[in-house]
Amino acid sequence: MIKYALACEQAHEFESWFPSSEAFETQRKRGFVTCPFCNSSKVDKQIMAPSIARTDKAPAAQPEAQPVAVLSDQERELRATLRTLREHVMKNAENVGKDFADEARRMHYGEAEERSIYGEADLKEARALLEEGIDVLPIPVVPDDRN
């Protein structure tokens with residue numbers, strides 16, 4: 001995994017993780033990399049200092065470090081908004097589970113009643129839906145919600 005420092009055209013700075021530099025470029029070109037503050041898809045990498053492991057001494061046995069952050073008021077507000085969006089979708093849409101891609105296609109092609117749905121789709125399925133002109137959007141998960 002690679003962590004990139006990113007900035008949008010409005011100069012909002014943020015970080016994100018990607019499996020590879022190719023994955024970042026592919027996602028950026030498709031508009032999947034967006035600013036969490038203004039939703040702009042005009043995002044570029046920023047200059048970062050590389051993280052280089054020391055080789056001159058053996059690592060000391062220490063407990064596994066956990067990532068921590070101090071969030072600004074704006075970031076806390078964004079998390080609350082994302083949580084509210086997720087709760088709204090889950091309350092007001094039908095959960096079709098693993099049948100999401102099939103049901104989205106059926107609705108798109110007029111074979112099923114048009115309605116709000118959510119469910120499970122992997123990245124390959126989501127890309128295929130987008131390529132067919134079917135608007136899908138990942139439901140954001142706030143990291144605190146996973147605990």
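The points below concern salt bridges and a charged surface patch.

1. Basis of the note. The model is predicted, so that local features need pLDDT of at least 70 and side-chain atom pairs count only at pLDDT 80 or more, while totals for chains, interfaces and linings use all residues. Residues are numbered from 1 along each chain as its sequence is written, and side-chain values use heavy atoms, with hydrogens and water left out.

2. Salt bridges overall. The structure holds nine salt bridges, a salt bridge being a side-chain nitrogen of Lys or Arg within 4 Å of a carboxyl oxygen of Asp or Glu. Glu94, Glu103, Arg106 and Arg115 are joined by such contacts into a network.

3. Glu103 and Arg106. In this pair the closest N and O atoms are 3.2 Å apart. Both residues belong to helix H3, where a spacing of three residues separates them by about one helical turn; helices (H or I, at least four residues) and strands (E, at least two) are DSSP runs, numbered from the N terminus. Glu103 is buried at a relative accessible area of 12%, whereas Arg106 is partly exposed at 37%. Here buried means under 20% relative accessible area, exposed over 50%, and partly exposed in between (1.4 Å probe, protein chains only).

4. Glu103 and Arg115. Glu103 also forms a salt bridge with Arg115, at 2.7 Å from N to O. Arg115 lies in the loop between H3 and S5 and Glu103 in helix H3, so the pair ties together parts that are twelve residues apart in sequence. Arg115 is partly exposed, its relative accessible area being 25%.

5. Glu120 and Lys98. A salt bridge of 3.2 Å, N to O, connects these side chains. Because Glu120 lies in the loop between strand S5 (117–119) and helix H4 (123–131), and Lys98 in the loop between strand S4 (94–97) and H3, the contact ties together parts that are 22 residues apart in sequence. Lys98 is exposed, with a relative accessible area of 65%, and Glu120 is partly exposed, with 44%.

6. Negative patch. Which residues form the negative surface patch? They are Asp99, Asp102, Asp122 and Glu125. Patches are made of residues with over 30% relative accessible area and no salt bridge, like charges being joined within 9 Å and nonpolar side chains (Val, Leu, Ile, Met, Phe, Trp, Tyr) within 5 Å.

Note on methods: Areas by Shrake-Rupley, 256 points an atom, 1.4 Å probe, with all protein chains shown as cover. Lys, Arg positive; Asp, Glu negative; His and termini not counted. Charge placed at Lys NZ, Arg CZ, Asp CG, Glu CD.
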